[in-house]
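Let's take a friendly walk around the ligands of this model. Have the structure open as you read.

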Amino acid sequence: MMKWSGLDQLQLGNRFAELPEPFYSLVQPQPLKNPHLVAFSTDAAALIGLDPCQASSQQLSEYFGGLRLLKGSNPLATVYSGHQFGGYTAQLGDGRALLLGDLEGRDGQRWELQLKGSGKTPYSRHGDGRAALRSVIREYLGSEALAALGVPTTRALCIIGSETQICRESIESGASMVRLSPSHIRFGHFEYFYYTRRPEQLKQLADFVIRHHYPHCSAEANPCLAMYSEVVERTARLVAQWQALGFCHGVMNTDNMSILGLTLDYGPFGFLDDYQPDYICNRTDEHGRYAYHQQPSIAMWNCVCLAQSLMGLVRQADLQTALNRFQPEYAIAYTEQMKRRLGIEGKDVQDGALIEEFLQLLEQAKADYNFTFLALEHAVAGEAEPVMALLGDNSRVRDWLSRYLGRININAAQLMSQYNPRVVLRNYLAQQVIEQAEQGDYSELAKLHAALRTPCKEGLSRDFQPVRDGDRNVSLSCSS
Ligand code: AMP
Ligand code: MG
């Protein structure tokens, strides 16, 4: 069993720095003014063997407020580009984040530590390199919540607040967050070297990703094709989990797509309140390119962009074959996720239709998406009232319910209680803790985080407190 380490004992390497200079720029963090701890995830700390007691150490704020560096750290900002809202942007990159380095975690894999909000880099363009406290709180809660729900995601170790002022729609306080991931490489990293016509570097990048993250692909006839096929599958499965949970990412630009199929870059994300398939959580997304129901096709579109970048390394026909796996892979994973949530075991030809009709009923009644699953748990226990109250007491609902109850078996209640969250990170909940945190009170943030760690814990929830009108399916600004 690995021992816990203190901050002074952490020893970083940096595998990304194996790549030559065009891939990154070495940059030192710019210290935040009077940094202090806002939040600490003991679950994330455990991944890297960091002693949870370090949460109370002043050093933590110094290390992650940009005042000092961990042993072995040689921070760098990586360069990437990407398709933003469908159009290509020639250069993006880590404009407000630094890769501090990586270390071996308790699971034996290496974890990268990235410091977000650490000041300007050569890729900051017009930005200040900083992150608003509210935006890192949202990312922190979002990533730890999805992780607890079993969704692949980057993790959040801690948030450091400060007296550094930043200018967004108003003056706000700047903060930093330490993000953990086996890799922060995006589709956009590949696009950058493709569109700047540097095939050798593109190959270097592909080799790097295969060596460290897809080692099992090296033995394949074309390792790069094998990697691409797996990226397509992982991405399809990821989005299937988002859809089943009602999670909207909000900014599915290719620079926000992880090469490991993780949820990455939490901006104006949101969970569905009412089941509204065309819900747009990002206020800047006027045309709804990234609306909830668009996410699967956009994810596939993003996989096409990645395929385009790999054209020099893999035959087009092979890329196409790999891409064709997206839809079936998505459909299988989505059905599997929905069946779990409905407590359905085994296979029946009618399952797809049962799910589809359920969604139609939800949409028609504008019912709360996640509450309805909890209400169904009551129906499974013999009490149909809550679900009738949400979906409406009519013959279509009664007919669907009787077919559903006829389809499930004795294990349904158990299955459902494992997969249906009792607590969902609704935007208004995040907003409440943000407002308190902005006043210097982090206690509600800690409470909400604690609840999100075990989202399915409580037994049957009785009161499905309606989400207030103004709080339902809101859209958020992209500024962060
Ligand atoms: P995002 O929408 O957060 O994924 O960011 C898109 C691009 O803008 C990335 O290259 C970011 O690094 C960059 N960026 C966003 N906000 C800032 C900021 N405040 N300062 C510098 N760069 C930023
Ligand atoms: Mg981004």
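A polar contact here is a pair of N or O atoms within 3.5 Å. This is a predicted model, in which local features need pLDDT of at least 70 and side-chain atom pairs count only at pLDDT 80 or more, while totals for chains, interfaces and linings use all residues. Residues are numbered from 1 along each chain as its sequence is written, and side-chain values use heavy atoms, with hydrogens and water left out.

| Side chain | Atom of ligand 1 | Distance |
|---|---|---|
| Arg 96 | nitrogen | 3.2 Å |
| Arg 125 | oxygen | 3.0 Å |
| Asn 256 | oxygen | 3.1 Å |

On its own, ligand 1 has 480 Å² of accessible area, and the protein covers 80% of it (Shrake-Rupley method, 1.4 Å probe).

Around ligand 1 there are 15 residues, and Gly 93, Gly 95, Arg 125, Asp 128 and Gly 129 come nearest (near means a heavy atom within 4 Å). By type, this shell holds seven charged, six polar and two nonpolar residues, with Gly counted as polar and Asp, Glu, Lys and Arg as charged.

Now for the metal. Which residues coordinate the magnesium ion (ligand 2)? Asn 256, through OD1, and Asp 265, through OD, do so at 2.0 to 2.1 Å; donors are N, O and S atoms within 2.8 Å of the metal (3.2 Å for Na, K and Ca), and water is not among the atoms, so sites may look incomplete. Both Asn 256 and Asp 265 are buried (under 20% relative accessible area, 1.4 Å probe, protein chains only).

Terms used: Chains are lettered from A and ligands numbered from 1 in the order in which they are written. A polar contact is a pair of N or O atoms within 3.5 Å; within protein, one must be able to donate a hydrogen and the other to accept it, and residues adjacent in sequence count only if both atoms are side-chain atoms. Buried means under 20% relative accessible area, exposed over 50%, partly exposed in between (1.4 Å probe, protein chains only).
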